[in-house]
Amino acid sequence: MKRGAYYVLLTYIIWGSLTIYWKQLSGLNAVFSLSMRVLCSVAFCAILISWRGSWKRVREMLRDSRAMKLLIPAGIMIAFNWGFYIYAVTSGHILDAGMAYFMNPILAILLGAIVFKEKLSSRQWAAVLVVGVGLGYGVFVYGQFPTFAFVIAGSFAIYGALKKGLQLESEIALFVETSVLILPALGYLIYSGINGTSGMEQLNIAQWILLLSSGAITSIPLLLYAEGMKTTSMSMSGILMYINPTIQLLIGALLYKERLSSSNLVMFVCIFIAMVLYVPTVLQRDGRIENKNVEEEHA
């Protein structure tokens, strides 16, 4: 593999392992953790932007009405994604969080077909159908809907759709997106501090360090991913992506002893079948793109 692919691989390993990070903060209110993550991410990105001298680029983005119409809802979607993920991990639903990132590519291609009118192959439609069957089976037979998985995967798919076509540096995009959430985050921190609902009085020094480093652990993997994708094909990235939820599943099942419900087992089987259908289409698409690029270079 190229060096870029190793950066992408490292990114997915970090994202998968962050389950352990957030589990250490289980005593905190999830909304409080989310609010701190927002503020720490803004602060970390501001430091990085200052170091790189990129404030001019930030001002350009803030004046770009088209970009802001996309980045504001993107910020809201990433807040939903972060918030539900943190709550899922800290409330004993790590397996659901892992399921979300297995499900995400399937929801993303469905969203592409609906919103961007992208034509799906028969294999891609079959993958979507199989996941739909799994959802329906869980709801009608077991009376259970994988809420955490669906919201986490859905919010991230919408987030990706909103940012489609926007060429932004990772730290600038994250800074603008999270800045949208500063006032709600500050408001909740003040509210929870006054009412004593945050749980922060139970934190030890190590947990405070973890909480205050949430900006760095959010931003650094994004920067690694952005750097790695400069020389990594989409097919390679798409295959490596499944390392993230696989790590989450192993952590949930082996480290924290979460049990897989019957409905979740059916859902996982359907997602696995969907992956078998979906991954070859990504490889074929990327192969066509690479061949086209080679032809253009020699034209």
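A polar contact is a pair of N or O atoms within 3.5 Å; within protein, one atom must be able to donate a hydrogen and the other to accept it, and residues adjacent in sequence count only if both atoms are side-chain atoms. The model is predicted: local features need pLDDT of at least 70, side-chain atom pairs count only at pLDDT 80 or more, and totals for chains, interfaces and linings use all residues. Residues are numbered from 1 along each chain as its sequence is written, and side-chain values use heavy atoms, with hydrogens and water left out.

**The whole chain**

Along its principal axes, the C-alpha trace spans about 60 × 55 × 35 Å.

Colour the chain by accessibility next. Buried residues make up 48% of the 299 residues, where buried means under 20% relative accessible area, exposed over 50%, and partly exposed in between (1.4 Å probe, protein chains only). Of the contacts with a separation of 6 or more, 89% are between residues 24 or more positions apart; contact means heavy atoms within 4.5 Å.

**Helix α5**

Select residues 94-115, which form helix α5. Its 22 residues reach 30 Å from first C-alpha to last, close to the 32 Å expected at 1.5 Å a residue; the expected span is 1.5 Å times one less than the number of residues. Centre on methionine 103, where a kink of about 40° lies shortly before proline 105. The bend at a residue is the angle between axes fitted to the seven residues ending there and the seven starting there. Helix α5 is largely enclosed by the rest of the structure, because 17 of its 22 residues are buried. Just after α5, lysine 117 takes a positive phi of about 55°.

**Threonine 178**

Move to helix α8 (residues 170-179) and select threonine 178. Is this residue buried or exposed? Threonine 178 is buried, with a relative accessible area of 0%. Its side chain reaches the backbone oxygen of phenylalanine 175 at 3.4 Å. Beyond neighbours within four places in sequence, threonine 178 is in contact with Val38, Ser41, Val42 and Trp82.

Select lysine 257 in the loop between α13 (243-255) and α14. Most residues other than glycine have a negative phi. Lysine 257 has a positive phi of about 55° although it is not a glycine, and this residue is exposed at 62% relative accessible area.

Continue into helix α14 (residues 262-298) and stop at asparagine 264. Asparagine 264 is buried, with a relative accessible area of 11%. Leaving aside neighbours within four places in sequence, asparagine 264 is in contact with Asp96 and Met99.

**Cysteines**

Finally, display the cysteine sulfur atoms. How many disulfides are there? With a disulfide taken as a pair of cysteine sulfur atoms within 2.5 Å, the count comes to zero. Cysteine 40 is in no disulfide, and the nearest cysteine sulfur, that of cysteine 45, is 11 Å away. Cysteine 40 is buried at 13% relative accessible area, and cysteine 270 also counts as buried, at 11%.

Definitions and conventions:
Helix = DSSP H or I, 4+ residues; strand = E, 2+ residues; numbered from the N terminus.
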